[in-house]
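Good morning, and thank you for coming.

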Amino acid sequence: MTAAGSLRPASVTEDVANRLVTAIAIGTFSPGERLPSERELATRLEVSRVTVRQALQRLGDLGLVIARRGRHGGTFVTSQAWEDVAPDEARRTLETELPRLRDLFDYRCLVEGLIARTAAERRTPEQRTELTEALAAFGTTGEDMELARAWDRRLHGLVCAAAANPHLTALSAHLTAAATLGFGAEPYEREFFDQALHEHAELVAAVVEGDAERAQRIAQGHFVLTYRTMERSLERAAAR
């Protein structure tokens, strides 16, 4: 899955390595976080495990990840600043991907708006309680962006569940993967957390109160945040 255009990497391994660097740059994976297994990454990115292993070795050489053995082992993101060791890799990837993703994000926002609208129309009393609890948990994650991403997935998963249509749920998952460089996890950086918390609170309130039109409008605007996070990372990479 080599990126198209004149900035195309020389190999699939380089492409995967650049995507992993970029995932760290935009906050899809945070310092101290364990990456998905080689098998899971290979499945998500539609490459071989050998390719993933070689790409992770490149990140290890840069000091961005470290492998640990044992029962609680795996590959972990280090505290090494990506801007210091791999700004060009992130810049090249984002310069290629962001123009391609612009229309995709427009489509994604329209779909997520429909999901939120339907959720507001169909949510059950139990789902209203679950959404309120998930919002409260998201608000307590503080500086832990890994935990914030987990509760973000939970919250939006509950909205999809409230829409009560498996085709919409599957489409949402597909668009999330396509919009996040294949990793299927929303990037999170501290500077955008307060905005995300505010928008989540508005979205949950609209769904819980059954205000379908407002839920749709809020969701359509909320999912632009991922694109803005990527743009911010590109600005930081370009500055280096």
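What is the mean pLDDT of the protein chain, and what percentage of its residues reach 70 or more? The mean is 93, and 96% of the residues reach 70 or more; pLDDT is the predictor's confidence in each residue, from 0 to 100. This is a predicted model, in which local features need pLDDT of at least 70, side-chain atom pairs count only at pLDDT 80 or more, and totals for chains, interfaces and linings use all residues. Residues are numbered from 1 along each chain as its sequence is written, and side-chain values use heavy atoms, with hydrogens and water left out.

One stretch calls for caution. Over residues 1–9, pLDDT stays under 50. For this stretch the model has 20 contacts beyond four places in sequence, a contact being heavy atoms within 4.5 Å.

I turn now to the overall fold. The protein chain has 11 helices and two strands; these are DSSP runs numbered from the N terminus, with helices (H or I) of at least four residues and strands (E) of at least two. From the N terminus on, the order of elements is α-α-α-β-β-α-α-α-α-α-α-α-α. The radius of gyration is 18 Å, close to the 18 Å that the globule rule gives for 240 residues, so the chain is as compact as a globular protein of that length. That radius is taken over C-alpha atoms, and the rule is 2.2 Å times the number of residues to the power 0.38. Along the principal axes, the C-alpha atoms fill a box of roughly 50 × 40 × 35 Å.

How much of the chain is buried? Of its 240 residues, 49% count as buried, where buried means under 20% relative accessible area, exposed over 50%, and partly exposed in between (1.4 Å probe, protein chains only). Among contacts between residues at least 6 apart in sequence, 76% join residues at least 24 apart.

Finally, two residues deserve attention for their backbone. Most residues other than glycine have a negative phi. Ala-164, however, has a positive phi near 60 degrees. Ala-164 is placed in the loop between helix H7 (145–163) and helix H8 (166–179). Leu-181 also has a positive phi, of about 60 degrees, although it is not a glycine. Leu-181 lies in the loop between H8 and helix H9 (190–209).

Which of them is buried, and which exposed? Ala-164 is exposed, with a relative accessible area of 52%, whereas Leu-181 is buried, at 2%.
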